[in-house]
Amino acid sequence: TNQLTEAEPLFRRALVIREKCYGPDHPLLAYTLNNFAGLMKAGNRLTEAEPLLRQPLIILAKVKGTMRHQDPHFDAAMQQYGNIIMECGETQEEAKEKSRMIVLQAIQRYASEQTSDHTVSTVVIPSDDMKGRVIGREGRNIRSFEKATGVDVIIDDTHGMVVVSCF
């Protein structure tokens, strides 16, 4: 127990340093928070460990959403969060629901930046003549393209540019 008491201020200092160096949404901060929660759990301070695991899940859910492969850190953090909730006396179903709510919160928090990054593209058109060809007579080309691809083509008065939206 003495070692746990000594480790707590070191973890708190590491959290401050990591957040300053890497920012509040960096995976290294999430790993440190997760480890700090493990320390709280080892000291049988489950009610303090549970909130510490929320932030890493949100951070890692964002990272997981931007990566093309499964993140083992996210899965481990989710498992640890569920275990702590169950040890606090909640049922497995309640633990799963709380975990789902955290992932949902992460999705809502980061959805707008991910959505715009991945669903809207701007295409540079070399001339207004080419823009006219893209539009076609009475917009036929645009309608055909939209129907065939399922995207929206937005053409405004901006010179030399067409926006394609898959939203």
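**Questions on contact, burial and packing**

Student: Which residues does aspartate 128 contact, leaving aside its neighbours within four places in sequence?

Tutor: Aspartate 128 is in contact with His159 and Gly160, once those neighbours are left aside. Contact here means heavy atoms within 4.5 Å. This is a predicted model, in which local features need pLDDT of at least 70 and side-chain atom pairs count only at pLDDT 80 or more, while totals for chains, interfaces and linings use all residues. Residues are numbered from 1 along each chain as its sequence is written, and side-chain values use heavy atoms, with hydrogens and water left out.

Student: What makes aspartate 128 partly exposed?

Tutor: The relative accessibility of aspartate 128 is 46%. Buried means under 20% relative accessible area and exposed over 50%, with partly exposed in between (1.4 Å probe, protein chains only). Aspartate 128 therefore counts as partly exposed.

Student: How do you know what helix 6 packs against, and at what angle?

Tutor: Helix 6 (residues 128–135) packs with helix 7 (residues 140–149) at an angle of about 60°, and their axes are 5 Å apart. Helices are DSSP runs of H or I with at least four residues, strands are runs of E with at least two, and both are numbered from the N terminus. Axes are lines fitted to C-alpha atoms, for helices over the stretch in contact, and angles run from 0 to 180 degrees between N-to-C directions.

Student: What classes of residue make up the contact of helix 6 with helix 7?

Tutor: That contact has three nonpolar, one polar and two charged residues. Ala, Val, Leu, Ile, Met, Phe, Trp, Tyr, Cys and Pro count as nonpolar, Asp, Glu, Lys and Arg as charged, and the others, Gly among them, as polar.

Student: Is glutamate 138 buried or exposed, and what sets its phi apart?

Tutor: Glutamate 138 sits in the loop between helix 6 and helix 7. Its phi is positive, about 55°, although glutamate 138 is not a glycine. With 63% relative accessibility, glutamate 138 counts as exposed.

Student: Where does asparagine 44 lie, and why is it called exposed?

Tutor: Asparagine 44 is in the loop between helix 2 and helix 3 (46–66). Its relative accessible area is 62%, so asparagine 44 is exposed. Phi of asparagine 44 is near 60°, a positive value in a residue other than glycine.

Student: What makes helix 1 and helix 2 roughly antiparallel?

Tutor: The axes of helix 1 (residues 2–22) and helix 2 come within 9 Å and cross at roughly 165°. That angle makes helix 1 roughly antiparallel to helix 2. The residues of their contact divide into 13 nonpolar, two polar and four charged. Among them are Phe11, Leu15 and Arg18 in helix 1 and Thr32, Leu33 and Phe36 in helix 2.

Student: Why is threonine 32 called buried?

Tutor: Threonine 32 lies in helix 2 (residues 27–42). Its relative accessible area is 5%, so threonine 32 is buried. Not counting residues up to four places away in sequence, threonine 32 touches Phe11, Ala14, Leu15 and Arg18.

Student: Are asparagine 34 and asparagine 35 buried, exposed or partly exposed?

Tutor: Asparagine 34, in helix 2, has a relative accessible area of 14% and is therefore buried. With neighbours within four places set aside, asparagine 34 is in contact with Leu53, Pro56, Ala77 and Gln80. Asparagine 35 is also placed in helix 2, but at 46% relative accessibility asparagine 35 counts as partly exposed.

Conventions: Angles under 35 degrees count as roughly parallel, over 145 as roughly antiparallel, 65 to 115 as roughly perpendicular and the rest as oblique.
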